[in-house]
Amino acid sequence: MNKMKKLLIYVLLFGVQLSCTQLMRHFAAPIAWVPKHNYTLGLSDQQSPILLEKVPLELSISFDTAWNQSNKPHALDRWEDYGVKEEMIHFLIKDIRVEGGNGKLFFREKDKEGNWMVAKPFTTGIKVKKGITHLYYIPDQNNACQSHTIHISAVILTVDFGREGGKPATFSLQLNAPAYTTSIEIDRDLAYIEDGAQPFCLKIDSSNSLATRQKYTLNSWNVSGGEGTLFRQGKSGTKPVYVGMPLSYGENQLFYLPKKGSEGSHTLHIEVNNQSKIEEVAFSLKVLDHQVVPFSATLSKQVTDTPILPFRKSHFRLSIDPENQAGKGLHYQIQSIKLDTGKLLLNGKLVVDGTPIKVGSNSLVFDPEGKLGNIGLCMMVCNSKGDLMQVAIQDPLEVTDPNFKVTSVIVRESINLQVSSPKHTSSDQWTMKDFTLLGGIEGKLRYPTGNTVGKRSTLQLGNNYFTFVLGDLYRFIDKIQGPPKLEFSIIYPDEKTEVVQSVDLSSFLVSAIQQQLVCLSLEAKNLYAPLVENYSIDHAIALRDRSNQREIWYAKQKKLLGILGYLRYNTIASDQAGRTIVSLNKLAEEIQSYTDLRFVATEWLHNSQSQLDKMISYPDSRENSCIVGVLSTSIQAKIPLFDRCQSIEGLQDLSISFSNMRKQVQAEQLRPTCQVEPVVHADQIHLTITPPPNIDPQTWIVQKLTFSDGLKGRLLTPMGSEVTEGSQLRSGDNVLKFDPVDQQSWPYILKEGPKIEMVLTYPDGRTSLPVVMDLSSFLWQNLDQKLTSWQEKAEEVWAPVMDDYKNNPIEPCRALADKKEKWDQEKHQLTDLLHYIRENTPVTVQVNRALTCMDQLAETTKSNMDKRMITTKMLCNWHKDIHTISSNKDPKGRKEYTVYLESKIREFNHALQSCSQIPGMEDIHGSFEDLQGSLRLLKNQTMELYNEQQAKEDQLQTNLNEIKRSVESERNQRNYDIGQLENKIQSTA
């Protein structure tokens, strides 16, 4: 039984050992694999890593189970697996080390009450397992102010043999120096420089008892917002503080002395250093130079109900009232001033920062400087000790716009300047500086009393009435441009000048024009008054003068219309101007009608009277009957016209004159007439005088006989006697003959057609109309001979210029051109003469035909002459080319030049052949034929030269070939001989 128990115990122990060491059996051999594990050393309860009397720590060891299971190696032959439990594995503490100070580690355990207490020391060689090991770190208090860093090294141990697996791992924890706070205690936050240094307490405190063992120093200090010095209390008095100065834990009594003149909010910044941490503390102190001496200051407007205007100065009062006797002995000044608009004066000087003032009342003057808006007057007053008092206007004040306004209106033909201002003072004054008339008008401005308004006239508040008197309209009528207006320049109480809206003076101008309308109506009657006393007088001068008067009248009317045109639109007199325009146009239409009626009627009466006077002076029966017929017809047509004149005042005289004219024409219709008719046959003139019926033949006397300019000769009767002034002619046919003098020269000096004008005196003493005898047919006979001569000279213009075309053609062609120029000059002379007798003459048809033939002949002559000169130059050039080719002995060059010349001749062949059809130019065709023969001979000669050259070249080539063959044969023979010689030399060798 005992043996069985022992055996069972051995089996159990072996099983336990087998299960515990299954994962680590390979430690007997070299350790090839170590489970993955982690170490951490930290504070418990998530405290800050700061040194304490006892710092609770936690050492935590854990395995990476998931990694170990997925990365464990295959089992060895003598091991089943690596199934060692993690709770059975130990970790050996190899080393414990502290940097920055001294201290020791202890196990931390709970007592019966559950409170943590210090247990046995935690030293090197101790074994721990996975999980959390609770520890205490107790620093050495003699060196506890430093930052301590705890280093622990551990290594995993095998279960079976307790061997160290892998390299030791070191993990650390840093514990910072004990924390502390700084603060400032000061009795009050207001200090006066005159009281000297201000004490305050710099306190260093901490909830950590170890902080009392630290060393503290002043790291730095500075002041912002001012300047001052920091002191400390020493055994022998106050001493300045310095950087690095030791400080005591707890309270440190210091002093701050502000620099004189350094008023303001001073902020002191102090930094405390415990060699491991710097703490900053700051506090603010309001620093004043002294204790305030109270006083009161008030600012008010002296006259409250007067508006403040931008151009007028206002008066203010600044009162200074100290509250005690000490304040009355101090000096006061305006430290700063804020003024939104204008400027402030004291005793005539500009108030600026630092302006001294006196105790009591100070009179200030405010100048707006012409600006509008809120005054915004605010001052900061201080005494000589620097005590400040802000003073401002209680009620908001502003510089208001007085809204000065002057408007102009017309009231019942008077001009009213209305002066208004909602805000003004009794001293405000308005002045009319000047007034200007616009639109070009002239006139005077007057008071209702009749006095003329001058410059710088004073206006009163309210209505100011004036009257306007327009000047002489025609003095400025040409200057008017646009609607008339009166513009006022007003000086306001603020001395600013402004132009008032202009007053429309159209009504004044329209009234003046209406008065001129009456004057124009009276002047118009002179425009259609009688022009002449009787209608036998030439009325051209009177008509021209009347036309000038009418133009002057219409110029006035148009000027008035132009002015009314300006006034018709956008003026106060638009309707009045429109009605005046209608009246003025109506008057102009009436005057136009009446004056035209006067002019037309006067013209007709004058012409009719002239015809009647001519019938009386020149009793030519044929013309008189025609004139009477025309006058009778014209009188019938003019009856309505002159009947109208009878009903118009000022034109009744025309009706009376027409009635008298009508009676005279009727009397002339009963008067007997005669006829004088000239007929020209070549050099004979038949002058037929036919008297009225039932009247015996009588004698007519030649009163005047005139030849046209340049016509020289005599007029003869068939008996050979010369007809001169005073010669007598009989009724019936009078045959006369013209005997010319210098007949060859006078056609060239005639300026007009050849005419003879004769005036006869009738038996009853009257004078006939001029009888014109046209000698154009006689002149035509002379010109016809010259035309024939000129036409015969035409062929000379294109006659041959040279006998031999091998000569130079320049001089012959120039001579031909000179001949053509003379021929053209003669043609122009003849043309000019023909043009004189071309119109309304007996030879008009012949002259027109001659002019047409002359133009055709001139065109043909020019064409033939141009052809002559062109063909002459061409033939000369071609003969020159043939000579050049002939002198060339090169067959090839001759052939090329010959082909080119042949092509040019072929190109102009038709033009040269056509010359055979033109009379006088047959020589061109003959010369062209000779040229073609020379060209054919040249071609034959060229061909012979070419054949000779070709034969010479062939013979030369044959000779060359023979020479080449001889040379080649000799070369071959020499080569053969050389070969034979070489063979012999080799055989001998």
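Trainee: The axes of helix 5 (residues 506-524) and helix 6 (residues 540-567) come within 11 Å and cross at roughly 160°. Why are these helices called roughly antiparallel?

Mentor: Angles here run from 0 to 180 degrees between N-to-C directions, along axes fitted to C-alpha atoms over the stretch in contact. Over 145 degrees counts as roughly antiparallel. The crossing is at roughly 160°, so helix 5 and helix 6 are roughly antiparallel to each other. This is a predicted model, in which local features need pLDDT of at least 70 and side-chain atom pairs need 80 or more, while totals for chains, interfaces and linings use all residues. Residues are numbered from 1 along each chain, and side-chain values use heavy atoms, without hydrogens or water.

Trainee: What makes up the contact between helix 5 and helix 6?

Mentor: Contact means heavy atoms within 4.5 Å. Helix 5 brings residues including Ser506, Leu509, Ile513 and Glu523. Helix 6 brings, among them, Trp553, Lys556, Leu560 and Leu567. The contact residues divide into 10 nonpolar, three polar and two charged. Helix 5 passes helix 6 in a left-handed crossing, meaning that the near helix is turned anticlockwise from the far one by less than a right angle.

Trainee: How do you know that helix 14 and helix 16 are roughly antiparallel?

Mentor: Use the angle again. Helix 14 (residues 891-907) and helix 16 (residues 922-988) pack at about 155°, with axes 9 Å apart. That angle puts them in the roughly antiparallel class. Their crossing is left-handed. Residues in contact include Arg894, Leu901 and Ile905 of helix 14 and Phe928, Leu935 and Tyr946 of helix 16. By class, this contact has nine nonpolar, four polar and four charged residues.

Trainee: What makes a set of residues a nonpolar core?

Mentor: Its members are buried (under 20% relative accessible area). They are Ala, Val, Leu, Ile, Met, Phe, Trp, Tyr or Cys, joined through side-chain atoms within 4.5 Å. The largest such core has 71 residues. Met432, Leu509 and Trp553 are among those with the most contacts inside it. Helix 7 (residues 574-617) gives the most to this core, with 13 residues. Another core lies apart from it, with 29 residues, among them Leu59 and Phe91.

Trainee: Why is Gly720 called partly exposed?

Mentor: Buried ends at 20%, and exposed means over 50%; partly exposed lies in between, with a 1.4 Å probe and protein chains only. Gly720 has 44% relative accessibility, so it counts as partly exposed.

Trainee: Where is Gly720 found?

Mentor: Gly720 sits in the loop between strand 43 (713-716) and strand 44 (728-730). Gly720 and Lys737 are 17 residues apart in sequence and 8.7 Å apart in space, C-alpha to C-alpha.

Notes
Helix = DSSP H or I, 4+ residues; strand = E, 2+ residues; numbered from the N terminus. Parallel < 35°, antiparallel > 145°, perpendicular 65-115°, else oblique. Nonpolar A, V, L, I, M, F, W, Y, C, P; charged D, E, K, R; others polar.
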